[in-house]
Amino acid sequence: MIVVPYSVNHKEAWDKFVAQSKNGTFLLQRNFMDYHADRFTDCSLLVFESAVVGDEEREKCYGIEGLKAVFPANWVEQERCVYSHQGLTYGGIIMEQEATQEEVLEAMCHIVRYCIDMLGAQRIVYKPIPYIYSILPAQEDLYALFRLGARLHTRAISSVVDLSSPLKMRTLRLRQAKKALDHNLYIDRLMDGDSEGLHRYWELLTDVLEKRHGIKPVHKEEEIALLMSRFPKEIKLFLVKHDNRVLAGALLFICRQVAHVQYIASNDEGREFGALDLLFRHLIMERYKTLDYLDFGISTEQGGRILNEGLIFQKEGFGGRGVCYDSYDLPLDRDVLRAVREDKGTEEQERIKFLYLKSVNDSFEPALSLAIDDVVRSGWYLQGNAGRRFEQEFAAYCGTRYCVGVGNGLDALTIILRAYRQLLGWQAGDEVIVPANTFIATLLAVSEAGLVPVLCEPSPEDCLMDAKRIEGLISPRTRAIMPVHLYGRVCNMSVVNDIARRHDLRVIEDAAQAHGAMYRGLRVGHLGDAAAFSFYPGKNLGCLGDGGAILTDDEALARLCRMIGNYGSTTKYVHEVKGVNSRLDEIQAAVLSVKLPRLDEDNEKRRHLAGLYLSEIQNPLVTLPEMPKNPLEHVFYVFPIRCVVREELKEYLRLHGVDTQIHYPVPPHRQGAYPELSGLCLPVSDRLHRETLSLPISPVMSEAQIRRVIRLVNEFNLEE
């Protein structure tokens with residue numbers, strides 16, 4: 001099973017699933033839940049069969065194919081607690097009608113693990129829906145709660161009338177109802193749009209609650225009016241009147257086969273003449289006799305220690321039976337969860353992907369979808385407010401004066417080099433020193449700009465450009481040094497910059513893999529003359545397609561880069577230089593603005609998980625990367641290990657359910673695109689490309705997943 005956080009894209013699927021589920025009600029449909037969004041932080045979840053997640057058709061339509069359960073929930077950060085469900089409704093896991101006890105337990109285990117790993121939650125306060133609201137009243141979630149160590153948190157008692165076989169009404173109740181008729185009391189159901197009738201009842205209700213119990217209704221009158229307009233078939237207000245004066249009333253929520261009383265009130269005259277007896281006799285014997293239950297609701301005064309006036313009159317007099325509205329406190333204990341999952345034999349069956357990209361993006365919902373929706377509805381898709389906002393935010397984050405959004409990271413590097421050629425008079429064939437073990441885009445940018453890449457061997461300790469070798473590569477035609485912060489680790493920039501100053505060279509950071517990394521108090525992107533970033537989806541700061549940015553403090557460079565990326569133009573149809581089409585579109589910019597505030601937190605999670613790898617992997621066949629003395633200098637875009645029998649280790653992990661990748665299998669000087677480099681002797685680079693294997697790491701991975709990878713790496717040996 002796969003757990004996905006709710007987003008607006010799932011609204012239709014959520015409501016359709018709730019409508020046909022075993023225990024869903026209109027109170028758990030999104031229109032009702034979202035109405036309370038200003039009061040609570042929604043963290044609702046959907047549980048899919050893993051076999052269908054990723055299926056193109058399901059992803060396209062967001063249907064309910066493969067949807068096993070939904071979990072309405074809210075998050076309270078200060079308490080590190082998930083509530084299921086706050087507000088006026090009981091929640092709990094909502095299951096399909098055919099769900100078995102074991103399926104409910106499995107779904108609950110996945111939900112619990114998500115809450116631990118993604119939210120850092122310490123407990124769940126779980127409020128199961130009483131059995132009377134279920135099509136098949138078995139409540140298998142109680143078994144799951146028991147297995148996971150939940151304890152009873154609160155208990156409230158309601159009385160319900162079983163309308164299929166009601167108990168005998170007390171004679172007093174019938175007499176009181178007859179008394180009401182004898183005094184010309186009558187029942188009037190509030191019609192749509194009758195704001196005056198609602199207002200008069202709400203005045204009566206508020207007056208009774210404040211005078212008799214010292215409390216106020218949970219809702220305001222305006223809120224009830226709004227809800228009644230949204231749910232005219234489900235929310236009904238019945239009034240008892242005399243000479244058009246409101247003496248009593250009851251607000252009901254109609255949930256499938258249950259009529260649930262939400263508010264009851266009667267003034268002194270109504271109490272004297274049996275107004276509520278008349279009303280409930282009508283509801284039970286006439287209005288809702290085809291339903292299964294009439295639920296009188298629970299009392300909230302003084303924590304349920306007293307009954308409100310309506311319930312005092314009605315609880316037993318109309319043949320009510322007790323129903324418990326319970327809530328459970330579920331401490332989130334990894335050991336308990338692990339024991340349950342081991343009993344079920346599911347842990348080893350779950351495949352650990354190299355990158356849980358969809359889960360990463362889902363973790364930003366619903367803000368991500370809302371931001372995209374805002375752009376779509378704005379009608380402005382290029383060079384608009386979203387792009388300008390992100391450029392300002394990213395420049396401020398990195399500490400630079402200027403940020404220019406472009407189409408991708410390769411374009412960012414190429415445009416910088418083209419701009420420098422024009423500003424500084426570089427000639428075709430001039431040289432740029434680059435690392436020999438980088439991704440080929442670094443070299444492609446140099447070539448595209450009409451320059452020549454000169455390869456510098458990396459240091460075997462940190463896999464970064466070996467600063468000691470740079471000066472030996474400088475020639476009269478050298479114009480720039482392009483260090484790559486490979487795998488997320490910052491290069492030794494103080495040495496690089498010192499060399500550049502002595503030889504009058506420009507320093508251009510290829511920062512495509514190191515978003516957010518720090519070096520001596522400065523961010524990557526502000527460590528040279530200019531920097532290029534990629535926002536490819538898998539990056540630490542990734543968009544939902546291609547995207548890139550150029551950062552610099554040089555106003556002239558920033559202006560020319562922006563011009564080159566926009567067809568060489570600053571004024572429409574006026575082209576001052578030969579340019580290209582490379583711009584960061586509004587949707588990608590909006591996505592990046594949503595993700596940027598969490599970048600440091602996500603990087604810290606990566607460092608924490610990398611720390612587990614570094615401290616617990618102990619296999620003589622495996623060489624681990626170094627953690628710099630200042631951990632902030634590494635953001636672990638990937639976690640590369642080295643192994644002399646890399647292919648055997650990779651296959652071993654694959655067979656045991658762990659996906660890995662190789663960054664990168666073929667060095668640039670061995671690529672067919674660069675035959676002119678094939679004669680170079682670069683033994684360090686060749687060895688790194690031959691031995692490096694990247695283990696899975698991302699901010700949505702759990703410690704349990706990391707430790708499973710660690711165990712498998714440690715168990716690997718050549719005898720396998």
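The model is predicted, with local features needing pLDDT of at least 70 and side-chain atom pairs counting only at pLDDT 80 or more, while totals for chains, interfaces and linings use all residues. Residues are numbered from 1 along each chain as its sequence is written, and side-chain values use heavy atoms, without hydrogens and water.

The axes of helix H21 (residues 599-616) and helix H24 (residues 703-715) come within 10 Å and cross at roughly 25°, so H21 and H24 are roughly parallel to each other. On the H21 side the contact (heavy atoms within 4.5 Å) is made by His608, Leu609, Leu612, Tyr613 and Glu616. H24 contributes Glu703, Ile706, Arg707, Val709, Ile710 and Asn714.

Rings of Phe, Tyr and Trp (its six-membered ring) pair if their centres lie within 6.5 Å; planes under 30 degrees apart count as stacked, over 60 as edge-to-face and the rest as tilted. The count comes to 21 aromatic pairs. One of them, phenylalanine 238 with tyrosine 288, is edge-to-face, at 6.1 Å centre to centre and 90° between the planes. Both residues are buried (under 20% relative accessible area, 1.4 Å probe, protein chains only). Phe390, Phe394, Tyr397, Phe533 and Phe535 form one aromatic cluster.

| Arginine | Ring | Distance from ring centre |
|---|---|---|
| Arginine 30 | Tryptophan 14 | 4.8 Å |
| Arginine 598 | Phenylalanine 364 | 3.8 Å |

Terms used:
Buried < 20%, exposed > 50% of the residue type's maximum accessible area, 1.4 Å probe, protein only. Lys NZ or Arg CZ within 6 Å of the ring centre and 35° of its normal. Axes fitted to C-alpha atoms, helices over the stretch in contact; angles between N-to-C directions. Helix = DSSP H or I, 4+ residues; strand = E, 2+ residues; numbered from the N terminus. Parallel < 35°, antiparallel > 145°, perpendicular 65-115°, else oblique.
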